[in-house]
Amino acid sequence: MGYTIAQKIIKEHLLSGEMTVGSDIGLKIDQTLTQDATGTMAYLEFEAIGVPRVKTEKSVAYIDHNTLQTGFENADDHRFIQTVCRKHGIYFSRPGNGICHQVHLERFGIPGKTLIGSDSHTPTGGGIGMLAIGAGGLDVAVAMGGGAYYITMPKMVRINLSGKLQPWVSAKDVILEVLRIMSVKGGVGKIVEYGGEGVKTLTVPERATITNMGAELGATTSVFPSDDVTKAFLKAQGRENDWVELSADADAVYDEIININLSELVPMAACPHSPDNIKPVSELAGQTVDQVCIGSCTNSSYLDLMRVAAILRGKTVAENVSLAIAPGSKQVYNMLALNGALGDLIAAGARILECACGPCIGMGQSPNSKGISLRTFNRNFKGRSGTADGQIYLVSPETAAASALAGVFCDPRTLGDEVQIELPTEFLVNDNMVAAPVPAEDMNSVEVLRGPNIKPYPATYPLDDSIEAKCSLKVEDNITTDHIMPAGAKILPLRSNIPAISEHCFTVCDKEFPARAKAMGKSVIVGGENYGQGSSREHAALAPLYLGVKAVLVKSFARIHRANLINAGIIPLTFADESDYDNISLNDELVLPDVKQRIINGEDIVIENKTNGKTIVAKCELSERTKDIILAGGLLNYTRENS
């Protein structure tokens, strides 16, 4: 039996465990990346581990999230990250150099290598054949220190692509179709692998758009073959020597196969408030649009923005529309400026933003009240834009540009002959905004600079024998990490200050939660299905930890958030009988008797509801390693004890 692409990379990097679905495996990590919203905490954790220099082949820190500097906090964090990088052997991508996933794809990603990043859209690297996985900051810190990265061995899904995209249909429409088929939780515990003759028709930027939004499936990652198309892209980046060929064996076995004919796809949109709420753009045509935002790590490549510039050339954005465009990297921005495309965008009335995440994370450009905003981004969770009642639609750059001109939803197929844009055979390469670390022998000469907003990792303690705690919050299905720990311009600057940011924890759902949880001292959160989907932000675990949350009991978890809860020492529990969800209410007094011994023995966890007299049984499925992490009080304690 042959191997899939992902299985080949896993086999090459396997440090522990066996490649059987559902088992715990440890992987050697070649590369890591962080961004500034998660990076400060990741580097504080790396310092706490006590390893003097990173042991990966390449680790890069990017400044791309918290670039709106309305106070000292973000600037202080950037300075801290820069000095940590200089001292400990990490490359530092300066503010303005671009979005981590776009830049990493251009300049650092290597087919066949493993990459984990403290951002959920790290799977973008799968567009060039990497095994690229989003993770919590503490997992990244451990990997930088030379430790293995542990995951549950996923199932393999093959998506066979046939045919070729029709004019004005794009890669964004491909991944929206995949989301329509699989849903936002259909990829949990799976790696999505693309194959078939249709793959050859897709450029690397198009493949990267598809793997980027694979995060919205809940998948561990997504990956394309590394082929002649990949080779041409890396050659154009001056990195032909990084290319290796990588494809699935002809007799590879998949757990699931999905067939998609690219020729049959049409322009589509993800409607509010979920990436899998898909409709054809033709069904929305004529609906008024207030704002259009083009960019993000999903659709800010040279190819995307050249197509947008061609659509806008010689025209003017509708007077009822605010159009904002953010290039994904300095390379893209520079090339647009030199070839005149940037001038076309400006002349049409576009507001050009810096090379950063910006509106995607609610960092500026929030739409008007109840405003309809078309975005080329990857998430449209309620309130994520910064406007609580904003109506956010996810579309392709082509649909976005056509709609910006029309002032209403516009199917780009009405524009006439398709714009033909070819990728350059040679990109403009200038890495002057990437700072290298000092040599190891000089590291002691570097002072790490810390601002007053930077606070230490919350204190953690070994697991108690039993837990008595009230239910501090009860929430519904599909709670995202944006619900748990909101982003946006007001809150993101507090990412390095857990006591301060915890005041905003779950306030999207319940404004009283932080005060109530603190008053309780110890508490349990109850939730529905797919709890913790979305961003990899470990703050969605660290803030509840700081507020005294000891366990989270839900119907099902999203992968990264469950791992972050374990890393924080919070017990992840699932209902043995989902109907028991109705047997717990806010403020109920709960007892988890002998919880420590039950976890040691691998037994179900008993939860006694003293308020209503009900007894609930919960599953706590842990490997021997994650069991030890919970017992130790979190991954940081476990790592110290076992280093």
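Two strands count as paired here if DSSP finds at least two bridges between them. Strand β21 (residues 467-474) and strand β22 (residues 523-526) meet that mark, pairing in the parallel sense over 4 bridges. Welcome to this predicted model, a protein chain with 21 helices and 27 strands.

**The chain as a whole**

- The protein chain has 643 residues and a radius of gyration of 24 Å, which agrees with the value near 26 Å that a compact globule would have.
- Along the principal axes, the C-alpha atoms fill a box of roughly 70 × 55 × 55 Å.
- Of the 643 residues, 64% count as buried.
- Among contacts with a separation of 6 or more, 77% come from residues 24 or more positions apart.

**Strands around β21**

- Strands of a sheet pair through backbone hydrogen bonds, either parallel or antiparallel.

**A six-stranded sheet**

- An open sheet is formed by 6 strands in the order β7-β6-β3-β4-β5-β20, and the pairing is mixed.
- β7 (131-134) and β20 (434-435) stand at the edges with a single partner strand each, so one side of each has no neighbour in the sheet.
- Further in, strand β3 (residues 31-35) and strand β6 (residues 114-117) pair in the parallel sense over 3 bridges.
- To find this pairing in the structure, look for glutamine 31, whose bridge partner in β6 is leucine 115.

- Helix α17 (residues 539-546) is mostly covered, with 7 of its 8 residues buried.
- The buried residues of α17 are His539, Ala540, Ala541, Leu542, Ala543, Pro544 and Leu545.
- These buried residues pack against α2 (36-49), α14 (481-484), α15 (498-501), β23 (549-554) and α18 (559-568).
- After α17 comes glycine 548, which has a positive phi, near 95 degrees.

**Two residues to look up**

- Asparagine 74 is found in helix α3 (residues 72-88).
- Asparagine 74 counts as buried because its relative accessibility is 2%, and the cut-off for buried is under 20%.
- Leaving aside neighbours within four places in sequence, asparagine 74 is in contact with Asn66, Leu68, Gln69 and Pro493.
- Glycine 186 lies in the loop between α6 (171-182) and β10 (190-195).
- With 16% relative accessibility, glycine 186 also counts as buried.
- Glycine 186 and glycine 218 are 32 residues apart in sequence, and their C-alpha atoms are 6.8 Å apart in space.

**The largest pocket**

- The largest pocket has a volume of about 1000 Å³.
- It is lined by 36 residues, of which Thr152, Val188, Arg559, Arg562 and Glu621 are the closest to its centre.
- Two or more lining residues come from each of β8 (149-152), α18, β24 (571-575) and α20 (624-632).
- α18 supplies the largest share of this lining, 5 residues; α18 is also one of the elements that the buried residues of α17 pack against.
- By class, the lining of the largest pocket divides into 14 nonpolar, 11 polar and 11 charged residues.

**The second largest pocket**

- The second largest pocket holds about 660 Å³ of space.
- Of its 29 lining residues, Thr201, Thr203, Glu206, Arg307 and Ile421 are the closest to the centre.
- The elements giving two or more residues to this lining are α7 (204-213), α8 (228-236) and α10 (302-312).
- α8 gives the most to the lining of the second largest pocket, with 5 residues.
- The lining of the second largest pocket has 15 nonpolar, 6 polar and 8 charged residues.

Notes:
Residues are numbered from 1 along each chain as its sequence is written. This is a predicted model: local features need pLDDT of at least 70, side-chain atom pairs count only at pLDDT 80 or more; totals for chains, interfaces and linings use all residues. Side-chain values use heavy atoms; hydrogens and water are left out. Buried means under 20% relative accessible area, exposed over 50%, partly exposed in between (1.4 Å probe, protein chains only). Contact means heavy atoms within 4.5 Å. On a 1 Å grid over the protein atoms alone, a cavity is a set of points where a 1.4 Å probe fits but cannot get out, and a pocket is an open set with protein on both sides within 12 Å along at least five of seven lines; lining residues have an atom within 4 Å of a point. Grid points are joined across faces, edges and corners, and a volume is the space filled by probe spheres set on the points. Ala, Val, Leu, Ile, Met, Phe, Trp, Tyr, Cys and Pro count as nonpolar, Asp, Glu, Lys and Arg as charged, and the others, Gly among them, as polar. The radius of gyration is taken over C-alpha atoms; the globule rule is 2.2 Å times the number of residues to the power 0.38.
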